[in-house]
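This report describes a predicted model. The sections below take up its helices, its aromatic pairs and selected loop residues.

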Amino acid sequence: MTFKKISKCVLIISVVLAFVCGWQFAFAQPATEKSEKVRVLVVTGIEYHAWQETAPQIAKQLASCPELDVKLEPDYNTLCTDKIFDYDVIFFNFCNLREYEDTKDDNLALDNIEKFLKSGKGIVIYHFAIGMFEKHSDRVLQLIGRNYDRTLTPHDPFQNFEVAIVDKEHPITKHISDFKIDDELYTCMGGDLPIHVLAEATSSKQKTKFPMAYLYKYGDGHAFTTVLGHDLRALKSPEFATLLRNAVLWLGKKEIPAAPSKIILPQSP
């Protein structure tokens, strides 16, 4: 073989190796990204319930997961800024009913949430957050699949009741068994858009089943809604704490562990 032919062979082999290495590197990239923590913004500061107690507790329980980087944000007007796009998941423990003060610009806040979801990111709607932006409930319905409907019976009396896992194969609920919780069983969800129910409970008053946790796809993103979580008593439930953690991990495109979530018990009540 002549020197010219050898050089040509070496060149071809080099090009092939470069292509193969580049191909392997391209597919290795997600592993690097996967090692990054999910950035979670817990938005609160206005809500019908005792958000001053529940929001810090939620943030603590989520932050106990090493895969999550959690910031608690009591200034809900951050929703009107581009700061929210620095995060992977927004957790709403926030509800501005029609009697409550608006954000600086409700329409801009909702535009940002819509853009956030369309980009493939995720949001968590916690308990009465289904009533957020009540003056714009039609827009909220399109974003999360359900909304707060004042014409419906609000909830059963506060009591201990059983939550049944409906989808036992979804990563969020796969390792969670049916559980009991001290809470309010919400029956005030309006709308009939298609939702993926993960967990449900039977109303003691209405004798019918209502979704307690569900997913709704919007754009390339998802909204996870749970109407559980009235106060600190609900956050004592290991299954409920695990449900919240798993939802945030799944929305952040992380692998979900089979082990139960670490519970940081509330100080009270």
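## Helix H3

At the start of helix H3, the backbone nitrogen of Asn107 has a side-chain oxygen of Asp105 within 3.2 Å. The helix covers residues 106-118, and its 13 residues should span 18 Å at 1.5 Å a residue; the end C-alpha atoms are 18 Å apart, in agreement with that expectation. After H3 comes Gly120, which has a positive phi, near 105°.

Which residues of H3 are buried? They are Asp106, Ala109, Leu110, Asn112, Ile113, Phe116 and Leu117. Viewed down the axis of H3, these buried residues fall within an arc of 155°, so they line one face of the helix. In an α-helix there are 3.6 residues a turn, so residues three or four places apart point the same way.

Another residue of interest here is Lys115, which lies over the face of Phe85, at 5.0 Å from the ring centre.

## Aromatic pairs

The structure holds eight aromatic pairs. One of them joins Phe91 and Tyr126 in a tilted arrangement, with 5.7 Å centre to centre and 40° between the planes. This pair links distant parts of the chain, since Phe91 belongs to strand E3 and Tyr126 to strand E4, 35 residues apart. Are the two residues buried or exposed? Phe91 is buried, its relative accessible area being 0%, and Tyr126 also counts as buried, at 1% relative accessibility.

The rings of Phe128 and Tyr186 form an edge-to-face pair, with 6.1 Å centre to centre and 85° between the planes. Phe128 lies in the loop between E4 and H4, and Tyr186 in the loop between strand E7 (179-183) and strand E8 (189-190), so the pair ties together parts that are 58 residues apart in sequence. Both Phe128 and Tyr186 are buried. Elsewhere, ring pairs link Tyr76, Phe92, Phe94 and Phe133 into a cluster.

His127 lies in the loop between E4 and H4. Its phi is near 55°, a positive value in a residue other than glycine. For context, most residues other than glycine have a negative phi. His127 counts as buried, because its relative accessibility is 2% and the cut-off for a buried residue is under 20%.

Where is Ser237 placed? Ser237 is in the loop between strand E11 (221-226) and helix H5 (238-251). With a relative accessibility of 6%, Ser237 counts as buried.

The side chain of Ser237 takes part in two contacts with residues that follow in sequence. A polar contact of 3.3 Å joins it to the side chain of Glu239, and the side chain of Ser237 also reaches the backbone nitrogen of Phe240 at 3.1 Å. Leaving aside residues up to four places away in sequence, Ser237 touches Phe179, Lys180, Ile181 and Ile263.

## Helix H5 and the segment after it

H5 has 14 residues and reaches 20 Å from its first C-alpha to its last, close to the 20 Å expected at 1.5 Å a residue. This helix is mostly covered, with 11 of its 14 residues buried. The buried residues are Phe240, Ala241, Thr242, Leu243, Leu244, Arg245, Asn246, Ala247, Val248, Leu249 and Leu251.

Lys253 is found in the segment after H5. Although Lys253 is not a glycine, its phi is positive, about 65°. Is Lys253 buried or exposed? Lys253 is exposed, with a relative accessible area of 60%.

## The chain as a whole

The secondary structure of the chain comes to five helices and 11 strands. Of its 269 residues, 48% count as buried. Among contacts in the chain with a separation of 6 or more, residues 24 or more positions apart account for 73%.

Terms used
Residues numbered from 1 in each chain as written. Predicted model: local features only at pLDDT ≥ 70, side-chain atom pairs only at ≥ 80, totals over all residues. Heavy atoms only, no water. Helix = DSSP H or I, 4+ residues; strand = E, 2+ residues; numbered from the N terminus. Buried < 20%, exposed > 50% of the residue type's maximum accessible area, 1.4 Å probe, protein only. Polar contact = N/O pair within 3.5 Å; in protein donor to acceptor, adjacent residues only side chain to side chain. Contact = heavy atoms within 4.5 Å. Expected span 1.5 Å × (residues − 1). Arc of directions from axis to C-beta. Phe/Tyr/Trp six-rings, centres within 6.5 Å; stacked < 30°, edge-to-face > 60°. Lys NZ or Arg CZ within 6 Å of the ring centre and 35° of its normal.
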